[in-house]
Amino acid sequence: MLTPPESLLNDSEFDHQRGMPTADEMSDTLHRLLLRLSSIVRAEGCLFLLYDDNAKTLVAQSPAHGLEDDQIESFETSASKGLFGSVFVSRKPLIQNDIQGLSESWISQWGIRNFIIFPLTTGPYGQQTPLGLILVFNHKNDNFSEDDLRVLAVMSRQLTVVITDASMYLRFSEEKEQLHATLLSLGVALVMVDVNGRISLINDAAARLLGEKASVGVLFEDAIENQQIIDLLKTAIHSGEESQQEIEITLPGSGHTLILQTQTALVRSQHLHSPRIIGAVAVFNDITEIRNVERLKTSFVSAVSHELRTPLTAIKGFVATLLQDTENYFDDTTRNEFYEIIDSECDRLKRLIDDLLSVSRIEAGRSLEMRWSKFSPLKVAIRVARAHKSFTQKNQLILDSPKDLPTMRGDEDKFEQILNNLLSNAIKYSPQGGEIRLMLRAENNLLKITVRDHGIGIPPDKLERIFAKFERVDNSDTRRTGGTGIGLFLVKHLVEQHGGRVWVESKLGEGSAFHIEMPLDADEVSEAEHTSTFKDFVK
Ligand code: ADP
């Protein structure tokens, strides 16, 4: 007579009320369960296999009883073929006491003499879905009987419950881990607080914004310095109001100011009957750069309008004066002077419009067209220096170059534009005058150019930025001089088109030196090759 199957588990071993057990507890429970099952049916070993829906296979699971982990590791078999497959498909258990004629490798590998393969199913009666199989086996010749099948039928139900819980737990903890890892590695900053006001999750990006005091377990009101962020989180937790706000914060440490688009959202428990608020999450998006570009664009539009209006006003003024002079009041010399001014103001307008078109071409990710030739950089430098001499009485313009400076390969017009932009800046930003030196040298097959002035200088934090489009140092001196902030952007672009580089050294109030190095025999670079490098600094 069979003893009625005892409960396989004590309450203490697997207590659903206690909440989620750990992975180790889960594994211990399963192991004990398999041990007991084996002892009831007097089997030496017991193993269960679970169905993998993706691979359509049955996969051996650890822990097993009577088999070492390395014996079952990576054991996977078809869910439709072979002994395991046929039991899985038919859901009919198989007792095998005579293994003669069975050639499946696991039988010899695991030294099995007789076994039962029993289907594991889950779900209510009539709507069961297959979960996997259980294999009980003996190495010695101790036969299994139909009675053992009945025991297995009852016990497999309990086994199924535990296995389902275990795999649900594993899936849950895997998903939880994945979610946690995703949140932590997000580029966007995120902090989560519970209803007691403690930080329950904070990713690296948020920790960088909020400072080192902000960490898991700490009260957010103690850890976060910015009052607006504190208020947003408080409103979410206490009033259940989700909100969005643009916040300016000063970074702890560096003191940099950032503009953050901050959004709070409530975290609700998934409890079906009584969903409740269990915390709030705040997400911070750094929009400093977007706001910066918007600000630059706005000031750019007004700067361009100003730059267009100045030459136009002069042109209109002189043309009107000439038109009104019906009695030939002005002599030919004066008239010529007027024509020259109109001509040079037209050139200035054309240069500005050409520059704007160049910027928009670069912004579209296209390079400026290069007309490659061999030319004398010295001749170009002489031309540019002479042209600028007439613009300034205050400055002493010095061209410092060996007479035998070699020729170079490049685009002569673009090269002229580079020198033009640097020299006109040197004059523009030296309102008190002083020496301006244009120095050219040839060294190691490189053309080295320096434009040095003794003007207003550039603050250290702007040294990199002034090469970005629309970027201007905003102070009373630069506001007075006017400008669009695209000159240096174009210089950088054109120098790089020649395979060179440009950088600046400057001391505020003492002057600046713009340095350029470019190969004397630059290769023609195709537009496609250039496009990738433009994108980097068009940002
Ligand atoms: P802008 O039309 O404003 O002169 P640029 O792109 O040529 O535009 O220059 C960008 C900014 O860099 C200028 O607005 C100015 O603040 C600064 N800058 C450029 N050259 C000099 C210089 N030689 N000395 C001091 N500041 C300079």
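This report describes the sheet, the salt bridges and the aromatic contacts of a predicted model.

**The sheet and its helices**

Five strands make up an open sheet whose order is 8-7-11-10-9, with antiparallel pairing. At its edges stand strand 8 (199-202) and strand 9, and each has a single partner strand, so one side of each is left without a neighbour in the sheet. From one strand to the next, the twist averages 25 degrees. Within this sheet, strand 10 (residues 257-268) and strand 11 (residues 277-286) run antiparallel and are joined by nine bridges. Thr 262 has Phe 284 in strand 11 as its bridge partner.

Two helices are placed against these strands. Helix 8 (residues 227-239) packs on the sheet and touches strand 7 (189-194), strand 9, strand 10 and strand 11. The direction of helix 8 makes about 145 degrees with that of strand 9. Helix 9 lies across strand 9, strand 10 and strand 11, and runs at about 135 degrees to strand 10.

**Salt bridges**

Over the whole structure, a search finds 23 salt bridges.

| Residue pair | Distance, N to O |
|---|---|
| Arg 291 and Glu 246 | 2.8 Å |
| Arg 465 and Glu 289 | 3.8 Å |
| Glu 363 and Lys 469 | 3.3 Å |

The salt bridge of Arg 291 with Glu 246 links distant parts of the chain, with Arg 291 in helix 9 and Glu 246 in strand 9 (residues 244-250), 45 residues apart. Arg 291 is partly exposed at 26% relative accessibility, and Glu 246 is partly exposed at 37%.

The side chains of Arg 465 and Glu 289 meet in another salt bridge. Here Glu 289 belongs to helix 9, whereas Arg 465 lies in the loop between strand 16 (446-452) and helix 13 (476-481), 176 residues apart. Arg 465 counts as partly exposed, with a relative accessible area of 29%; for Glu 289, also partly exposed, the value is 45%. Both residues belong to a network of salt bridges that links Glu 289, Lys 462, Arg 465 and Glu 471.

For the salt bridge of Glu 363 with Lys 469, the partners are 106 residues apart: Glu 363 is in helix 10, and Lys 469 is in the loop between strand 16 and helix 13. Glu 363 is partly exposed at 36% relative accessibility, while Lys 469 is buried at 12%.

**Aromatic contacts**

The structure holds 12 aromatic pairs. One of them joins Phe 318 and Phe 338 in a tilted arrangement, 4.9 Å centre to centre and with 55 degrees between the planes. This pair links distant parts of the chain, as Phe 318 sits in helix 9 (residues 288-324) and Phe 338 in helix 10 (residues 332-363), 20 residues apart. Phe 318 is partly exposed, because its relative accessibility is 22%, whereas Phe 338 counts as buried at 12%.

Tyr 329 and Phe 330 form an edge-to-face pair, with a centre-to-centre distance of 5.4 Å and 70 degrees between the planes. Tyr 329 is exposed, at 70% relative accessibility.

Elsewhere, one aromatic cluster is formed by Phe 75, Phe 84, Trp 106, Trp 110 and Phe 115. A charged residue also meets a ring: Arg 501 lies over the face of Trp 503, at 4.1 Å from the ring centre.

Technical notes:
Residues numbered from 1 in each chain as written. Predicted model: local features only at pLDDT ≥ 70, side-chain atom pairs only at ≥ 80, totals over all residues. Heavy atoms only, no water. Phe/Tyr/Trp six-rings, centres within 6.5 Å; stacked < 30°, edge-to-face > 60°. Helix = DSSP H or I, 4+ residues; strand = E, 2+ residues; numbered from the N terminus. Buried < 20%, exposed > 50% of the residue type's maximum accessible area, 1.4 Å probe, protein only. Lys NZ or Arg CZ within 6 Å of the ring centre and 35° of its normal. Salt bridge = Lys/Arg side-chain N within 4 Å of Asp/Glu carboxyl O. Pairing = 2+ DSSP bridges. Axes fitted to C-alpha atoms, helices over the stretch in contact; angles between N-to-C directions. Contact = heavy atoms within 4.5 Å.
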